[in-house]
Amino acid sequence: MSHEFDPGYNRNPFSKLCRQYPGADVYPVEDFRVEWGPIFHRGRLDGSARIVVIGQDPAAHESIARRILVGEAGQRVQGLLWKLGFERNYVMVNTFLYSVYGQGGGERHKDDPAIAEYRNKWLDALVLNGHVEAVISLGGLADHAFNAWLATPNGKTADVAYQTVRHPTYPERASASGQLTKAEAMADMLETWNHALRALHKVIDHPDVDRPIHAYGASLLDTDVFEIPERDMPAGTPDWMRSIKSWGRRTGTDANDKRATVEVKVPTQFRTWE
Ligand code: URA
């Protein structure tokens, strides 16, 4: 059996961007989990991408998989891409290279010039590849980042359709504050996803697969969530790291210990030896 994999950062400008990533001098350790390293992207870097997704910041699964949007959030986004007809020709980048630590770090640093400058180089390379037809941002910080890029000289030359939607973990975060139930927050999120779906479906000329709109209902169905394709992951990544089963979480006896630990467990269904 032959396996596909992401060949990584073997071409410019991406190899140069990876050599020159900003560290703790740009991303302060009080507000970012710099100790887990930068996590750059997921998807096509060979110029074939027709849609760019801008996420927020990596979480526990991404710290291990070394690709962004591979956990629950990414699997929801994978479903949105499928509904738009994209199974291969997409690429994703986050607003922040490192996971935000604690409250408010994202807001505090959203306009930091060195953070924006580096992110804008990625957006220059990804959005202005001559093929991209649409951009979707996930959540307010990603929307802010894309609009800031659009205001740059390179951004001003972009000719792409754009939609912003609620972040894929909005239902969990919004319901944690107790103001909304998770079901209400999910329905709110999916309304924004349907809006983007309808708007972009009309203007995307070259999806990978031309399929009619399958709009979301008020709740997310199992069939709306997709595993991460093998071709998006580094060579040799085990199947369970792409599956819709959770396999990584931060654990620890206190805040410092928790910051230092990601527990990785093979999900039960994948324990072929048992
Ligand atoms: N993981 C990411 O890489 N980005 C997000 O926005 C959320 C989870």
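Modeller: The discussion below concerns a predicted model.

Colleague: How much space lies in the largest pocket?

Modeller: The largest pocket holds about 1,100 Å³ of space. It is lined by 40 residues, and the closest to its centre are Asp 57, Ala 59, His 167, Thr 169 and Arg 173.

Colleague: Which elements give two or more residues to that lining?

Modeller: They are helices H2 (60-65), H3 (72-83), H4 (105-109), H6 (140-150) and H7 (170-176), together with strand E6 (248-250).

Colleague: And what is the lining like by class?

Modeller: The lining has 18 polar, 12 nonpolar and 10 charged residues.

Colleague: Turning to salt bridges, how many are there?

Modeller: The count comes to 18. In one of them, Asp 31 pairs with Arg 108, with 2.8 Å between the closest N and O atoms. Asp 31 lies in the loop between helix H1 (14-19) and strand E1 (41-43) and Arg 108 in helix H4, so the pair ties together parts 77 residues apart in sequence.

Colleague: Is Asp 31 buried or exposed?

Modeller: Asp 31 counts as buried because its relative accessibility is 8%, under the 20% cut-off. Arg 108 is partly exposed, at 49%.

Colleague: What does Lys 83 form a salt bridge with?

Modeller: Its partner is Asp 224, the closest N and O atoms being 3.1 Å apart. Lys 83 is in helix H3 and Asp 224 in the loop between helix H8 (182-203) and E6, 141 residues apart. Both Lys 83 and Asp 224 are buried.

Definitions and conventions:
Residues numbered from 1 in each chain as written. Predicted model: local features only at pLDDT ≥ 70, side-chain atom pairs only at ≥ 80, totals over all residues. Heavy atoms only, no water. 1 Å grid on protein atoms, 1.4 Å probe; cavity = no way out; pocket = protein on both sides within 12 Å on 5 of 7 lines; lining within 4 Å. Points joined across faces, edges and corners; volume = space filled by probe spheres on them. Helix = DSSP H or I, 4+ residues; strand = E, 2+ residues; numbered from the N terminus. Nonpolar A, V, L, I, M, F, W, Y, C, P; charged D, E, K, R; others polar. Salt bridge = Lys/Arg side-chain N within 4 Å of Asp/Glu carboxyl O. Buried < 20%, exposed > 50% of the residue type's maximum accessible area, 1.4 Å probe, protein only.
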